Amino acid sequence: MKYLIINGSPRKKNTWSMVKQAKSNLGEDAEFEEIQLMKEKIPLCNGCFKCIMEGEENCPHYEQINQIIEKIRDCDGLIIACPVYAMNVTALLKNLFDHTAYIYHRPEFFDKKALVVVSTAGAGQKKVANYIDETLRHWGFNKIYQITYAFGGNEDISIEEINKVSQKFHKDVSSKKLHSPKFGDIIFYNVWRTITPKSESMKKDKEYWERTGLVNYEFAPNVKLGFIKKCFGKIMYFILNKVIK
Ligand SMILES: Cc1cc2nc3c(=O)[nH]c(=O)nc-3n(C[C@H](O)[C@H](O)[C@H](O)COP(=O)(O)O)c2cc1C
(Lines give C-alpha, C1' and ligand atoms only; values in the text may rest on other atoms or scores of the structure.)
Protein backbone atom coordinates (compact mmCIF):
# COMPACT_ATOMS: atom_id res chain seq x y z
CA MET A 1 0.00 0.00 0.00
CA LYS A 2 1.19 3.50 -0.82
CA TYR A 3 0.89 6.07 1.95
CA LEU A 4 1.36 9.78 1.50
CA ILE A 5 2.24 11.76 4.62
CA ILE A 6 1.67 15.52 4.65
CA ASN A 7 3.32 17.19 7.62
CA GLY A 8 1.76 20.52 8.59
CA SER A 9 4.31 21.11 11.35
CA PRO A 10 7.41 23.15 10.51
CA ARG A 11 9.43 20.50 12.35
CA LYS A 12 9.60 16.75 12.81
CA LYS A 13 9.05 16.44 16.53
CA ASN A 14 5.96 15.75 18.65
CA THR A 15 3.40 15.09 15.94
CA TRP A 16 6.03 13.31 13.89
CA SER A 17 6.78 10.93 16.77
CA MET A 18 3.10 9.92 16.66
CA VAL A 19 3.28 9.47 12.89
CA LYS A 20 6.36 7.26 13.30
CA GLN A 21 4.50 5.04 15.75
CA ALA A 22 1.48 4.88 13.41
CA LYS A 23 3.73 3.97 10.45
CA SER A 24 4.99 0.89 12.28
CA ASN A 25 1.47 -0.55 12.02
CA LEU A 26 0.91 -0.02 8.32
CA GLY A 27 2.30 -3.31 7.06
CA GLU A 28 5.61 -4.73 5.87
CA ASP A 29 4.94 -3.80 2.28
CA ALA A 30 3.97 -0.17 2.99
CA GLU A 31 5.60 2.51 0.83
CA PHE A 32 5.78 5.99 2.27
CA GLU A 33 6.17 9.35 0.65
CA GLU A 34 6.52 12.51 2.75
CA ILE A 35 5.58 16.06 1.97
CA GLN A 36 7.07 18.47 4.48
CA LEU A 37 4.97 21.57 3.84
CA MET A 38 7.68 23.76 5.41
CA LYS A 39 10.04 22.77 2.58
CA GLU A 40 7.45 23.26 -0.16
CA LYS A 41 7.41 27.03 0.37
CA ILE A 42 3.97 27.41 -1.21
CA PRO A 43 3.10 31.13 -1.52
CA LEU A 44 -0.04 32.26 0.27
CA CYS A 45 -3.32 31.88 -1.61
CA ASN A 46 -3.86 35.33 -3.09
CA GLY A 47 -7.64 35.03 -3.28
CA CYS A 48 -7.85 35.44 -7.06
CA PHE A 49 -10.74 32.89 -7.31
CA LYS A 50 -9.18 31.52 -10.51
CA CYS A 51 -9.15 27.92 -9.25
CA ILE A 52 -12.87 28.06 -8.59
CA MET A 53 -14.05 30.20 -11.50
CA GLU A 54 -11.60 29.44 -14.32
CA GLY A 55 -10.18 26.06 -13.33
CA GLU A 56 -7.41 25.03 -10.95
CA GLU A 57 -4.83 25.06 -13.76
CA ASN A 58 -5.14 28.86 -13.70
CA CYS A 59 -3.99 29.14 -10.08
CA PRO A 60 -0.67 31.05 -10.02
CA HIS A 61 0.68 28.28 -7.77
CA TYR A 62 -0.81 25.43 -9.82
CA GLU A 63 2.39 23.48 -10.37
CA GLN A 64 3.21 23.29 -6.67
CA ILE A 65 -0.34 22.50 -5.63
CA ASN A 66 -1.05 20.05 -8.42
CA GLN A 67 1.99 17.88 -7.68
CA ILE A 68 0.57 17.43 -4.16
CA ILE A 69 -2.93 16.71 -5.50
CA GLU A 70 -1.47 14.17 -7.95
CA LYS A 71 0.27 12.43 -5.07
CA ILE A 72 -3.02 12.29 -3.17
CA ARG A 73 -4.67 10.81 -6.28
CA ASP A 74 -1.91 8.22 -6.47
CA CYS A 75 -1.82 7.07 -2.82
CA ASP A 76 -3.89 4.36 -1.16
CA GLY A 77 -3.93 6.13 2.20
CA LEU A 78 -3.26 9.73 3.21
CA ILE A 79 -1.80 10.73 6.57
CA ILE A 80 -2.12 14.38 7.60
CA ALA A 81 -0.07 15.41 10.62
CA CYS A 82 -0.49 18.76 12.29
CA PRO A 83 0.12 20.42 15.66
CA VAL A 84 -2.38 22.84 17.19
CA TYR A 85 -1.30 26.44 16.63
CA ALA A 86 -3.41 29.15 18.28
CA MET A 87 -6.25 26.64 18.63
CA ASN A 88 -6.26 25.81 14.93
CA VAL A 89 -4.19 24.11 12.23
CA THR A 90 -0.82 25.63 11.36
CA ALA A 91 -0.67 28.31 8.68
CA LEU A 92 1.28 25.81 6.54
CA LEU A 93 -1.64 23.38 6.46
CA LYS A 94 -4.29 26.09 6.21
CA ASN A 95 -2.49 27.55 3.20
CA LEU A 96 -2.62 24.15 1.49
CA PHE A 97 -6.33 23.86 2.32
CA ASP A 98 -7.01 27.39 0.99
CA HIS A 99 -5.43 26.34 -2.30
CA THR A 100 -7.82 23.39 -2.48
CA ALA A 101 -11.05 25.39 -2.08
CA TYR A 102 -12.01 24.35 -5.62
CA ILE A 103 -12.14 20.71 -4.53
CA TYR A 104 -15.05 21.59 -2.21
CA HIS A 105 -16.90 22.54 -5.41
CA ARG A 106 -15.57 19.61 -7.40
CA PRO A 107 -15.00 16.74 -4.94
CA GLU A 108 -13.17 13.74 -6.32
CA PHE A 109 -11.56 11.60 -3.60
CA PHE A 110 -14.53 9.31 -2.99
CA ASP A 111 -12.40 6.16 -2.73
CA LYS A 112 -9.77 7.59 -0.37
CA LYS A 113 -9.15 7.04 3.32
CA ALA A 114 -7.09 9.15 5.69
CA LEU A 115 -5.46 9.16 9.09
CA VAL A 116 -5.34 12.53 10.86
CA VAL A 117 -2.64 12.93 13.52
CA VAL A 118 -2.81 16.00 15.76
CA SER A 119 -0.68 16.98 18.74
CA THR A 120 -0.97 19.89 21.11
CA ALA A 121 0.52 21.18 24.35
CA GLY A 122 -2.75 21.21 26.23
CA ALA A 123 -5.87 22.03 24.24
CA GLY A 124 -7.61 22.08 20.88
CA GLN A 125 -6.49 18.70 19.56
CA LYS A 126 -9.96 17.27 18.99
CA LYS A 127 -11.29 20.48 17.45
CA VAL A 128 -8.35 20.67 15.05
CA ALA A 129 -8.59 16.98 14.12
CA ASN A 130 -12.32 17.50 13.44
CA TYR A 131 -11.56 20.49 11.22
CA ILE A 132 -9.07 18.47 9.13
CA ASP A 133 -11.61 15.63 9.04
CA GLU A 134 -14.29 18.03 7.79
CA THR A 135 -12.00 19.41 5.08
CA LEU A 136 -11.23 15.91 3.81
CA ARG A 137 -14.93 15.07 3.75
CA HIS A 138 -15.50 18.11 1.57
CA TRP A 139 -12.83 16.74 -0.77
CA GLY A 140 -14.95 13.55 -0.93
CA PHE A 141 -12.87 11.31 1.37
CA ASN A 142 -14.63 8.08 2.28
CA LYS A 143 -13.29 7.42 5.78
CA ILE A 144 -11.12 9.36 8.20
CA TYR A 145 -9.40 8.06 11.34
CA GLN A 146 -8.04 10.36 14.05
CA ILE A 147 -5.20 10.14 16.56
CA THR A 148 -4.81 13.07 18.96
CA TYR A 149 -2.57 13.72 21.95
CA ALA A 150 -1.75 16.53 24.40
CA PHE A 151 1.99 16.48 25.15
CA GLY A 152 1.69 18.92 28.04
CA GLY A 153 -0.86 16.88 29.97
CA ASN A 154 -0.34 14.46 32.84
CA GLU A 155 -1.18 11.33 30.91
CA ASP A 156 1.51 9.34 29.11
CA ILE A 157 1.13 9.06 25.37
CA SER A 158 -1.01 6.04 24.65
CA ILE A 159 1.05 3.89 22.30
CA GLU A 160 -1.76 1.32 22.49
CA GLU A 161 -4.26 3.89 21.19
CA ILE A 162 -1.97 4.92 18.31
CA ASN A 163 -1.43 1.25 17.46
CA LYS A 164 -5.14 0.44 17.67
CA VAL A 165 -6.25 3.29 15.39
CA SER A 166 -3.42 2.91 12.87
CA GLN A 167 -4.00 -0.85 12.64
CA LYS A 168 -7.68 -0.19 11.89
CA PHE A 169 -6.66 2.37 9.27
CA HIS A 170 -4.27 -0.10 7.66
CA LYS A 171 -6.85 -2.88 7.60
CA ASP A 172 -9.39 -0.56 6.06
CA VAL A 173 -7.03 0.83 3.40
CA SER A 174 -5.94 -2.70 2.47
CA SER A 175 -9.54 -3.92 2.21
CA LYS A 176 -10.37 -1.29 -0.45
CA LYS A 177 -13.93 -1.55 0.85
CA LEU A 178 -15.84 1.73 0.71
CA HIS A 179 -18.03 2.83 3.61
CA SER A 180 -21.52 4.22 3.37
CA PRO A 181 -21.36 8.04 3.66
CA LYS A 182 -22.72 10.03 6.61
CA PHE A 183 -26.07 11.77 6.15
CA GLY A 184 -24.25 15.13 6.32
CA ASP A 185 -22.00 14.10 3.42
CA ILE A 186 -25.06 13.20 1.34
CA ILE A 187 -26.57 16.63 2.08
CA PHE A 188 -23.39 18.47 1.02
CA TYR A 189 -23.07 16.38 -2.12
CA ASN A 190 -26.64 17.15 -3.11
CA VAL A 191 -26.25 20.87 -2.41
CA TRP A 192 -23.44 21.01 -5.00
CA ARG A 193 -25.34 18.68 -7.30
CA THR A 194 -28.28 21.11 -7.20
CA ILE A 195 -26.32 24.35 -7.47
CA THR A 196 -23.83 23.52 -10.21
CA PRO A 197 -26.13 22.92 -13.21
CA LYS A 198 -28.05 26.11 -12.37
CA SER A 199 -25.05 28.34 -11.98
CA GLU A 200 -23.98 30.15 -15.14
CA SER A 201 -21.10 31.87 -13.36
CA MET A 202 -19.63 28.61 -12.01
CA LYS A 203 -18.90 27.13 -15.43
CA LYS A 204 -16.05 24.94 -14.22
CA ASP A 205 -18.20 23.35 -11.51
CA LYS A 206 -21.03 22.73 -13.96
CA GLU A 207 -18.65 21.20 -16.49
CA TYR A 208 -17.09 18.96 -13.81
CA TRP A 209 -20.38 17.64 -12.40
CA GLU A 210 -21.68 16.96 -15.92
CA ARG A 211 -18.45 15.50 -17.36
CA THR A 212 -18.03 13.08 -14.42
CA GLY A 213 -21.73 12.19 -14.47
CA LEU A 214 -21.91 12.93 -10.70
CA VAL A 215 -24.89 15.18 -11.36
CA ASN A 216 -26.94 12.06 -12.11
CA TYR A 217 -26.45 10.31 -8.77
CA GLU A 218 -27.57 10.69 -5.13
CA PHE A 219 -23.90 10.19 -4.19
CA ALA A 220 -20.68 9.18 -5.96
CA PRO A 221 -21.68 5.98 -7.79
CA ASN A 222 -18.66 3.93 -6.60
CA VAL A 223 -19.91 4.29 -2.99
CA LYS A 224 -22.86 2.05 -2.10
CA LEU A 225 -25.66 3.94 -0.32
CA GLY A 226 -28.18 1.30 0.67
CA PHE A 227 -31.93 1.78 0.39
CA ILE A 228 -32.50 4.35 3.17
CA LYS A 229 -29.61 6.64 2.25
CA LYS A 230 -30.51 6.42 -1.43
CA CYS A 231 -34.05 7.56 -0.59
CA PHE A 232 -32.60 10.27 1.66
CA GLY A 233 -30.41 11.49 -1.24
CA LYS A 234 -33.41 11.55 -3.59
CA ILE A 235 -35.54 13.49 -1.09
CA MET A 236 -32.71 15.94 -0.37
CA TYR A 237 -32.21 16.56 -4.08
CA PHE A 238 -35.95 17.10 -4.58
CA ILE A 239 -36.17 19.56 -1.66
CA LEU A 240 -32.98 21.41 -2.59
CA ASN A 241 -34.23 21.86 -6.16
CA LYS A 242 -37.37 23.49 -4.77
CA VAL A 243 -35.41 25.72 -2.37
CA ILE A 244 -32.43 26.70 -4.56
CA LYS A 245 -33.44 28.66 -7.65
C1 LIG B 1 3.03 29.05 17.38
C2 LIG B 1 2.51 27.96 18.28
C3 LIG B 1 1.19 27.98 18.68
C4 LIG B 1 0.71 27.00 19.54
N5 LIG B 1 -0.60 27.06 19.95
C6 LIG B 1 -1.06 26.15 20.84
C7 LIG B 1 -2.41 26.23 21.31
O8 LIG B 1 -3.21 27.06 20.91
N9 LIG B 1 -2.82 25.32 22.22
C10 LIG B 1 -1.97 24.36 22.70
O11 LIG B 1 -2.39 23.61 23.56
N12 LIG B 1 -0.70 24.22 22.23
C13 LIG B 1 -0.22 25.10 21.31
N14 LIG B 1 1.07 25.00 20.84
C15 LIG B 1 1.90 23.85 21.23
C16 LIG B 1 1.99 22.77 20.13
O17 LIG B 1 0.72 22.44 19.64
C18 LIG B 1 2.62 21.50 20.65
O19 LIG B 1 3.85 21.76 21.25
C20 LIG B 1 2.77 20.45 19.55
O21 LIG B 1 2.93 19.17 20.13
C22 LIG B 1 3.96 20.74 18.64
O23 LIG B 1 4.03 19.75 17.65
P24 LIG B 1 5.30 19.54 16.70
O25 LIG B 1 6.46 19.18 17.59
O26 LIG B 1 4.92 18.44 15.79
O27 LIG B 1 5.52 20.83 15.97
C28 LIG B 1 1.57 25.97 19.98
C29 LIG B 1 2.90 25.96 19.55
C30 LIG B 1 3.38 26.93 18.71
C31 LIG B 1 4.81 26.90 18.25
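**Exercise 1. Find which residues leucine 78 is in contact with, leaving aside its neighbours within four places in sequence.**

*Step 1.* Start with the ground rules. This is a predicted model, where local features need pLDDT of at least 70, side-chain atom pairs count only at pLDDT 80 or more, and totals for chains, interfaces and linings use all residues. Residues are numbered from 1 along each chain as its sequence is written, and side-chain values use heavy atoms, with hydrogens and water left out.

*Step 2.* Contact means heavy atoms within 4.5 Å. Leucine 78 is in contact with Leu4, Ile6, Ile72, Lys113, Ala114, Leu115, Leu136, Trp139, Phe141 and Phe169, once neighbours within four places in sequence are left aside.

*Step 3.* Now look at the wider setting. Leu78 is among the residues with the most contacts inside the largest nonpolar core, together with Ile72, Ile132 and Leu136; this core has 33 residues. (A nonpolar core is a set of buried Ala, Val, Leu, Ile, Met, Phe, Trp, Tyr and Cys residues joined through side-chain atoms within 4.5 Å; buried means under 20% relative accessible area, exposed over 50%, partly exposed in between, with a 1.4 Å probe and protein chains only.)

*Step 4.* Which element gives the largest share of this core? That is α7, with 5 residues. (Helices, H or I with at least four residues, and strands, E with at least two, are DSSP runs numbered from the N terminus.)

**Exercise 2. Describe the surroundings of the ligand.**

*Step 1.* The ligand is surrounded by 16 residues, the closest being Ser9, Thr15, Val84, Ser119 and Thr120. (Near means that a heavy atom lies within 4 Å.)

*Step 2.* A backbone N or O atom of valine 84 lies 2.7 Å from a ligand oxygen atom, and a polar side-chain atom of threonine 120 lies 2.7 Å from an oxygen atom of the ligand.

*Step 3.* For a nitrogen atom of the ligand, look to alanine 86: one of its backbone N or O atoms lies 2.9 Å away.

*Step 4.* Finally, α1 (14–23) and β4 (113–120) each supply at least two residues of the shell.

Conventions:
Polar contact = N/O pair within 3.5 Å; in protein donor to acceptor, adjacent residues only side chain to side chain.
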